[in-house]
Each structure stands twice: as structure tokens, then as C-alpha cells.
Amino acid sequence: MMRNSFCAILNLVEDGSKLHPLTKKRPIAALPFASRYRLIDFPFTALHNAEATSASLFISGSGHSLYDHIRSGYEWGLDSTIGGGVFTHSQLDLKETAAREGNNLTYYEDQRNYVKKSLAEYVVIGGSKMLCNINLHSVLRYHQEHDADITVVYKNIPSEEIPVDSDLKCYSIESDTAVITGLFPVTEQMDKGSEKLAIQTGITILSSEKFLHYLDLLEERQERHSWGLMVGLALEKGNKVVGFEYTGYLKYVDSILSYYQANMDMLDEDNYNSLFFRNLPVITRARNGAPTFYAPESKVSNVQIATDCFIAGEVVNTIVFRKVKVAENAVVKDSIIMQGCKIGEGAHLEYVILDKNVTVAPGVRLIGTPEQPLVVEKGSVLNEMKGA
């Protein structure tokens, strides 16, 4: 398959309000995950494995933290001098507000120019809220075999596993043909008593020609492009939309709780292998560091710990990122500790998410719950007790 078969549009305009304060100064795509990754690594890995050479990112606010991680896109093969590159469009909300006032929306033109200049035959659309490891080659073959106008990726999930307040959508699918006949809010289908729902992942493949056609229609309606709107247009016009079933690990990261649960899931070997080794291994930007030092008095059980850490206390059921220090007699359980955090002697943490560079003073207790983890904002210095 030619390396320019795919070009990618990643709509990172996802609502991160339920993830504050973690998304206060970063898009969801830049959220750290599983001790050394970012959520953007998963769609980028899918593109690398599909031999795509370029991606265009559309970001609601600032993309600084994302740019710092992605750089040239070298790790994912997106730095090709022939038609390659990572093309970023940030502060989309501000630009769109200004453009609407002057009736001059450049959003569509940016996407149109990118797809035309890529010379790719197909466009893959995605985001970063859906944590999964997808094989785009398989999806493309399925798309071609079914002679579809659009192919969407879905996963069958039992209704009882879906939060009652979820904003997810699901498909109705003809079982014998895999043809999509409708797109509905999951709450609507749950009310009807459905045992399993075909949950959308947002991953969509269609030809560049079809993409440009649908984009023109969306521009006429002045609707910001999204995978859902394109699927809606295709169904409205009677075009053929088919569903490709994904059976690996999937998590919809749209809240503090779901983010916490996704990280904790990675402490289970089956979940970890299902996500990271379902296809080729997940790629991230390499950061060289010294091996973590474990003091003789340290106690460590069921953890993921990155490099450059100093562990002298007790760490259990916890995700630990780079350059973390856990002092003697400190206890950290069922928590996520991001890069550069310092936990003082005798401190006690349970069900806590520490954002980057947080300092916890000696003796401080921070206690959350499995249903409501306690989140500490980036760069905070804590000298007093918090939590239950």
C-alpha cells in the first residue's frame, strides 16, 4: 500500500471541561497516560502503522503542550520531506468567533487545502477522547470490500457499563450487511432496554473525494466539520455507511473519573496487553533517563514507574511518571503521580491524581475515593490535609 494512501484530520476540538483542572492549560490529546505516554500517541501510532505521512490537527485552544510532545512528528514517521508533516491549527474557538463576525470562516478552507495538497486517496478522521489501538489497514480493506461511502469504527459494549449521563452515541446496524442505518444518543437506546450498544469511536474512513464533497455541504450550512456530522450527511443522502467492529480495549476519556479508571486499568496485564500490543506497540517520544532508584526500605507492589524516580516509601496500585520522588515512610496508594512531583516524608496519598510538579509536604494526608479521585493542580504546593 502506498505511503500516501491516507491523510489524517484529527479534530481535537473536544470538550475538556469535565477534565478540569487537568485540561485547564492542555487539550485532552496532551493528557499524560500510563507513566510515559500521551493520549495523542494512540491515533499517531495508528497513522504510523498505516504508513501515513501527514496529519492535520485542529485544536480548540492552546496547543503548546501538544507541540512540545509532537515536535516534528519524527517518532511516528510524519516528518517526510515528500508530502509529509504535522499541520497544526490552534485557538480554533477564538478564530471561529472572529471569522463568524466577518462571515469569513477559514476552518473549511484549511481542511480543504490540506486534503487536496496531501494527494492522498483516503481521509481518516479521528480524535483523542477514545483510547484504543486500531489497525487502519484492516479498516481500509473492510471499507473497500464493502464498497462503502463511509466506514465507521464501533465497539459493542454492554449497556450496564455505560454511564447513565453519557454523551456518547451509538449506531443501529444491519447484522447481515454491517450497514449503518442510524446514529442515536446512547441514553435514548438505553431507555429502550438494549443489552448491548454499538458505540461510536469517532474513527472514520472515506475517500478524499467524498470528504471534500461533504465538507462543501457542511460549509453551506456553516456547521463545523466533525465525524458525526459527516455520517449524518451520508445517512441523510442515502449513501452507504458501514460499521467495522473493534474488539480491543476501549475507554472514552471524557471526565476525571474515566481518565483515572483508564490509567488504573493499565495495572491489569490483560488490559495493558489488549491496548498496547493488540497491533504494533504504541509509539511515544523517547526521553532518555536513568533507571529509577529503589531504596532498601521501599515497598512497591502492582505499579508502573517511569525512569529517573527516587522511591523510598510505599507505592501500591499506582501509576508514576518520570522524575518523581517519594520520601521515606510516605505511602502512595491507588493514585496517579505525574512528572516531577515530590512527596514528603510520612505523607499519605490514596485515590489522588497529582498533576506535574506538585510538592506534597511531609506528613500531609490526601484522601480521595474510587468514585471521586482527588485532583491537585499542576505546580501546587500542599502543606495541609485534604480529602475525606
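## Arg322 and Asp308

Arg322 counts as buried at 11% relative accessibility, where buried means under 20% relative accessible area, exposed over 50% and partly exposed in between (1.4 Å probe, protein chains only). Its side chain meets that of Asp308 in a salt bridge at 3.6 Å, N to O, the term standing for a side-chain nitrogen of Lys or Arg within 4 Å of a carboxyl oxygen of Asp or Glu. Asp308 counts as partly exposed at 27%.

This is a predicted model, in which local features need pLDDT of at least 70 and side-chain atom pairs count only at pLDDT 80 or more, while totals for chains, interfaces and linings use all residues. Residues are numbered from 1 along each chain as its sequence is written, and side-chain values use heavy atoms, with hydrogens and water left out.

## Other salt bridges

A search of the whole structure finds nine salt bridges. One of them joins Arg112 and Asp216, whose closest N and O atoms are 2.9 Å apart; Arg112 is buried, with a relative accessible area of 9%, whereas Asp216 is partly exposed at 34%. Salt bridges with shared partners connect Glu109, Arg112, Asp216 and Glu219 in one network.
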